[in-house]
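Student: Could you take me through the salt bridges here, one by one? I'd like to know where the partners sit and how exposed they are.

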Amino acid sequence: MASEKKVFTFDEVSQHNKRGDCWLIISDKVYDVTTFIVSHPGGDEVLLSSAGKDATFDFEDVGHSDEARELMKEYYIGEIDSSTVPAPRTYIAAVQPTYNQDKTPQSIKILQFLVPILILGLALFVRQYTKKE
(Lines give C-alpha, C1' and ligand atoms only; values in the text may rest on other atoms or scores of the structure.)
Protein backbone atom coordinates (compact mmCIF):
# COMPACT_ATOMS: atom_id res chain seq x y z
CA MET A 1 0.00 0.00 0.00
CA ALA A 2 1.44 3.36 -0.94
CA SER A 3 1.97 6.00 1.75
CA GLU A 4 0.18 8.64 -0.34
CA LYS A 5 -3.40 7.84 -1.26
CA LYS A 6 -4.27 8.25 -4.92
CA VAL A 7 -7.81 9.48 -5.52
CA PHE A 8 -9.64 8.23 -8.60
CA THR A 9 -12.84 9.45 -10.19
CA PHE A 10 -15.61 7.03 -10.98
CA ASP A 11 -15.05 7.60 -14.70
CA GLU A 12 -11.40 6.56 -14.35
CA VAL A 13 -12.34 3.37 -12.53
CA SER A 14 -15.16 2.54 -14.92
CA GLN A 15 -12.69 2.31 -17.82
CA HIS A 16 -10.96 -0.65 -16.14
CA ASN A 17 -13.64 -3.24 -16.78
CA LYS A 18 -11.96 -6.01 -18.77
CA ARG A 19 -10.23 -9.27 -18.00
CA GLY A 20 -6.79 -7.74 -18.64
CA ASP A 21 -7.55 -4.55 -16.72
CA CYS A 22 -9.99 -5.02 -13.85
CA TRP A 23 -10.58 -2.52 -11.05
CA LEU A 24 -13.26 -2.64 -8.36
CA ILE A 25 -14.61 -0.18 -5.82
CA ILE A 26 -15.28 -1.70 -2.42
CA SER A 27 -16.19 0.55 0.51
CA ASP A 28 -14.87 3.69 -1.22
CA LYS A 29 -11.50 2.05 -1.92
CA VAL A 30 -10.18 1.15 -5.36
CA TYR A 31 -8.60 -2.26 -5.99
CA ASP A 32 -6.76 -3.46 -9.08
CA VAL A 33 -7.71 -7.16 -9.12
CA THR A 34 -6.40 -7.90 -12.62
CA THR A 35 -3.82 -10.41 -11.38
CA PHE A 36 -6.27 -11.94 -8.89
CA ILE A 37 -8.94 -12.82 -11.47
CA VAL A 38 -7.49 -16.25 -12.30
CA SER A 39 -7.15 -17.28 -8.66
CA HIS A 40 -10.46 -15.92 -7.32
CA PRO A 41 -12.25 -18.84 -5.58
CA GLY A 42 -15.62 -17.78 -6.99
CA GLY A 43 -14.34 -17.67 -10.55
CA ASP A 44 -13.43 -14.84 -12.86
CA GLU A 45 -17.01 -14.01 -13.87
CA VAL A 46 -17.79 -12.85 -10.35
CA LEU A 47 -15.11 -10.17 -10.52
CA LEU A 48 -15.74 -9.29 -14.15
CA SER A 49 -19.44 -8.68 -13.52
CA SER A 50 -18.50 -5.93 -11.04
CA ALA A 51 -15.45 -4.62 -12.89
CA GLY A 52 -15.28 -0.84 -13.11
CA LYS A 53 -18.19 -0.47 -10.69
CA ASP A 54 -18.94 -0.19 -7.00
CA ALA A 55 -18.84 -3.81 -5.87
CA THR A 56 -19.41 -3.11 -2.18
CA PHE A 57 -22.86 -4.69 -2.05
CA ASP A 58 -21.73 -7.77 -3.98
CA PHE A 59 -18.66 -8.18 -1.79
CA GLU A 60 -20.56 -7.83 1.49
CA ASP A 61 -23.48 -9.94 0.29
CA VAL A 62 -21.24 -12.99 -0.15
CA GLY A 63 -19.84 -12.70 3.37
CA HIS A 64 -16.10 -12.87 2.72
CA SER A 65 -13.76 -14.24 5.37
CA ASP A 66 -11.21 -12.26 7.36
CA GLU A 67 -8.50 -13.81 5.19
CA ALA A 68 -10.18 -12.45 2.07
CA ARG A 69 -10.33 -9.00 3.64
CA GLU A 70 -6.62 -9.21 4.49
CA LEU A 71 -5.82 -10.29 0.95
CA MET A 72 -7.54 -7.17 -0.39
CA LYS A 73 -4.72 -5.00 0.99
CA GLU A 74 -2.39 -6.39 -1.70
CA TYR A 75 -4.63 -5.05 -4.46
CA TYR A 76 -5.43 -1.64 -2.96
CA ILE A 77 -4.42 1.22 -5.27
CA GLY A 78 -6.31 4.24 -3.90
CA GLU A 79 -9.56 5.87 -2.90
CA ILE A 80 -12.60 6.83 -4.92
CA ASP A 81 -13.78 10.42 -5.12
CA SER A 82 -17.23 9.77 -3.71
CA SER A 83 -18.63 12.92 -5.31
CA THR A 84 -18.11 11.31 -8.74
CA VAL A 85 -19.92 8.06 -7.91
CA PRO A 86 -23.44 8.06 -9.36
CA ALA A 87 -26.25 7.66 -6.86
CA PRO A 88 -27.58 4.12 -6.73
CA ARG A 89 -30.88 3.62 -8.47
CA THR A 90 -33.64 2.75 -6.10
CA TYR A 91 -36.11 0.13 -7.13
CA ILE A 92 -39.70 1.25 -7.04
CA ALA A 93 -42.13 -1.59 -7.37
CA ALA A 94 -44.95 -1.12 -9.82
CA VAL A 95 -48.29 -0.52 -8.16
CA GLN A 96 -50.34 -3.66 -8.51
CA PRO A 97 -54.10 -3.38 -8.49
CA THR A 98 -55.60 -4.98 -5.44
CA TYR A 99 -57.16 -8.33 -6.16
CA ASN A 100 -60.77 -8.42 -5.16
CA GLN A 101 -61.54 -12.07 -4.76
CA ASP A 102 -65.22 -11.35 -4.23
CA LYS A 103 -66.17 -9.77 -7.59
CA THR A 104 -69.13 -12.05 -8.22
CA PRO A 105 -72.48 -10.28 -7.83
CA GLN A 106 -74.75 -11.57 -5.07
CA SER A 107 -77.43 -12.79 -7.53
CA ILE A 108 -74.94 -15.11 -9.29
CA LYS A 109 -73.84 -16.55 -5.95
CA ILE A 110 -77.43 -17.38 -5.12
CA LEU A 111 -77.94 -18.98 -8.55
CA GLN A 112 -74.77 -21.06 -8.11
CA PHE A 113 -76.35 -22.47 -4.97
CA LEU A 114 -79.95 -22.80 -6.14
CA VAL A 115 -79.47 -24.26 -9.65
CA PRO A 116 -77.89 -27.55 -8.46
CA ILE A 117 -80.55 -27.90 -5.77
CA LEU A 118 -83.31 -27.31 -8.32
CA ILE A 119 -81.79 -29.87 -10.70
CA LEU A 120 -81.55 -32.40 -7.87
CA GLY A 121 -85.16 -31.67 -6.84
CA LEU A 122 -86.34 -32.03 -10.44
CA ALA A 123 -84.50 -35.34 -10.81
CA LEU A 124 -86.07 -36.67 -7.61
CA PHE A 125 -89.50 -35.45 -8.72
CA VAL A 126 -89.19 -37.11 -12.13
CA ARG A 127 -87.99 -40.34 -10.54
CA GLN A 128 -90.79 -40.38 -7.99
CA TYR A 129 -93.62 -39.80 -10.47
CA THR A 130 -92.32 -41.90 -13.34
CA LYS A 131 -91.84 -44.95 -11.18
CA LYS A 132 -93.94 -47.85 -12.20
CA GLU A 133 -95.79 -49.37 -9.37
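Tutor: Let's start with Arg19, which is partly exposed at a relative accessible area of 46%. (Buried means under 20% relative accessible area, exposed over 50%, and partly exposed in between, using a 1.4 Å probe and protein chains only.) Before going on, note that this is a predicted model, where local features need pLDDT of at least 70, side-chain atom pairs count only at pLDDT 80 or more, and totals for chains, interfaces and linings use all residues. Residues are numbered from 1 along each chain as its sequence is written, and side-chain values use heavy atoms, with hydrogens and water left out.

Now, the structure holds four salt bridges; each is a side-chain nitrogen of Lys or Arg within 4 Å of a carboxyl oxygen of Asp or Glu. In one of them, the side chain of Arg19 meets that of Glu45, at 4.0 Å from N to O. Arg19 sits in the loop between strands E2 (17-18) and E3 (21-26), while Glu45 belongs to helix H2 (residues 44-49), so this pair ties together parts 26 residues apart in sequence. (Helices, H or I, are DSSP runs of at least four residues and strands, E, of at least two, numbered from the N terminus.) Glu45 counts as exposed, at 54%.

Next comes Glu60 with Arg69, whose closest N and O atoms are 3.0 Å apart. Glu60 is partly exposed at 37%, and Arg69 is partly exposed at 32%.

Glu70 also bridges to Lys73, with 3.1 Å between the closest N and O atoms. Here Glu70 is partly exposed at 49%, and Lys73 is partly exposed at 44%. Finally, back to where we began: salt bridges with shared partners join Arg19, Asp44 and Glu45 into one network.
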